[in-house]
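Hello,

Here is the structure I promised to pass on to you. My notes on what turned up in it follow below.

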Amino acid sequence: MASVTKHQSFKEGETHPFRILNKIDLSDDDYFVLADSDSKKYLLASEYYSHYGFEIGQDINCRIDKISCTGKIYLEPINPFYSPGGSYDFKIAGETTLVNSQNETERHLIVIDLTGNKQQVWIPSSFIASNGNTTIKLRVAQIKKGNLLLVLPSLYVSDKDYTIGDKYQFNVEGIATLIEEKEYFRLRDEKDQIHFLRSKFYKNYNLSIGQSITAHIVKIPKAGSYYIEPLYPGYEMGKSYFFKFVKEDTYLHPTGKEEDVWIVHDKNERKCILFLPKKISDNLKTEPIRAIVDHTYKGKLYLKTQ
């Protein structure tokens with residue numbers, strides 16, 4: 001994955017061609033130097049993609065994985081063997097366990113992919129592997145830094161059961177450690193489907209195991225992606241509240257549009273982003289600012305002026 005300065009022609013989710021110009025050593029790490037169609041250069045950490053067989057002079061396609069609010073672009077080369085959403089057979093190499101931050105013992109199946117690399121797959125405590133089987137069919141939910149986020153086919157959420165913008169009830173069932181050893185809350189819905197919610201974005205929500213929560217669907221559901229947004233504690237969408245000015249900043253939308261914003265704090269000193277459709281008096285920097293909650297995403301409030 002590579003991060004670079006903003007590029008107005010790129011949008012999240014798009015795929016663009018890049019050429020591998022050469023390979024360099026920076027701070028004891030090797031990087032591929034990529035060039036886009038405008039000859040702009042990018043660095044890509046080679047250690048994550050050694051099994052892709054990349055060579056100098058090769059043309060590759062990369063997905064614009066993310067454009068941060070500061071304008072950094074993150075690239076993910078297209079995997080030559082697997083596609084997100086696809087089902088594939090993997091060789092079973094064994095099973096292991098780990099203890100997560102909630103002191104839960106997790107079960108993980110160890111499988112081998114087409115390149116010979118070992119991958120770990122979180123499995124429910126009740127999972128029973130078929131006796132005698134040497135392979136198992138798994139869904140590729142996501143690919144990050146060349147790693148596969150694999151899930152059992154039964155855990156791949158159907159997007160037909162949800163409508164973007166609607167609210168649904170979920171039960172916080174526990175924790176699952178997934179791709180890149182990142183922890184996710186395991187949420188079970190009313191249809192008995194399991195969802196994964198990245199825990200680090202919701203530390204201030206005080207979510208607890210066994211708790212029932214209400215959440216919005218903010219994107220088309222896809223295992224391993226951010227599509228569930230729990231209701232923000234103490235704030236409701238469409239209502240206005242007072243906030244405290246922190247600093248001026250700019251926000252780069254995934255569409256490439258840049259916009260002036262104010263960073264403000266809510267009543268619990270949590271960072272929020274206030275969009276400025278019209279100029280606001282600088283006098284408000286020293287007094288409470290009334291703003292409307294427009295939406296939430298990854299545990300953060302996004303606001304607009306009245």
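**What I found**

To start with one spot, F10 and Y42 are both buried, where buried means under 20% relative accessible area, exposed over 50%, and partly exposed in between (1.4 Å probe, protein chains only).

Before going on, a word on the source: this is a predicted model, in which local features need pLDDT of at least 70, side-chain atom pairs count only at pLDDT 80 or more, and totals for chains, interfaces and linings use all residues. Residues are numbered from 1 along each chain as its sequence is written, and side-chain values use heavy atoms, with hydrogens and water left out.

**Aromatic rings**

A pair of aromatic rings is described by the distance of the centres and the angle of the planes. Rings of Phe, Tyr and Trp (its six-membered ring) pair here if their centres lie within 6.5 Å; planes under 30 degrees apart count as stacked, over 60 as edge-to-face and the rest as tilted. That rule gives 23 aromatic pairs. One of them joins F10 and Y42, a tilted pair with 6.4 Å from centre to centre and 35° between the planes. Since F10 sits in the loop between strand 1 (2-4) and strand 2 (15-26), and Y42 in strand 4 (residues 41-45), the pair ties together parts that are 32 residues apart in sequence. (Strands, E, at least two residues, and helices, H or I, at least four, are DSSP runs numbered from the N terminus.)

Y42 also pairs with F18: the ring centres are 5.4 Å apart and the planes at 90°, so this pair is edge-to-face. With F18 in strand 2 and Y42 in strand 4, the pair ties together parts that are 24 residues apart in sequence. F18 is buried at a relative accessible area of 2%, and Y42 is buried at 3%.

Elsewhere, one aromatic cluster is formed by F201, Y202, Y205, Y226, Y232, Y235, Y241 and F243. Y235 has a charge over its face as well: K267 lies there, at 5.4 Å from the ring centre. The criterion is NZ of Lys or CZ of Arg within 6 Å of the ring centre and within 35 degrees of the ring normal.

**Strands and overall form**

The protein chain has zero helices and 21 strands. Its radius of gyration (over C-alpha atoms) is 22 Å, close to the 19 Å from the globule rule for 306 residues, so the chain is as compact as a globular protein of that length; the rule is 2.2 Å times the number of residues to the power 0.38. Of the 306 residues, 44% count as buried.

Five strands make an open sheet in the order 14-13-12-15-16, with antiparallel pairing; strands pair if DSSP finds at least two bridges between them. Strand 14 (194-198) and strand 16 (228-230) are the edge strands, each pairing on one side only. Strand 15 (residues 212-217) and strand 16 are antiparallel over three bridges, and H216 has E229 in strand 16 as its bridge partner.

**Two backbone points to look at**

Most residues other than glycine have a negative phi. K145, however, has a positive phi near 50°; K145 lies in the loop between strand 10 (135-144) and strand 11 (147-151) and is partly exposed at 23% relative accessible area. E180 has a positive phi of about 60°. E180 is in the loop between strand 12 (167-177) and strand 13 (183-189), and is partly exposed at 29%.

Best wishes
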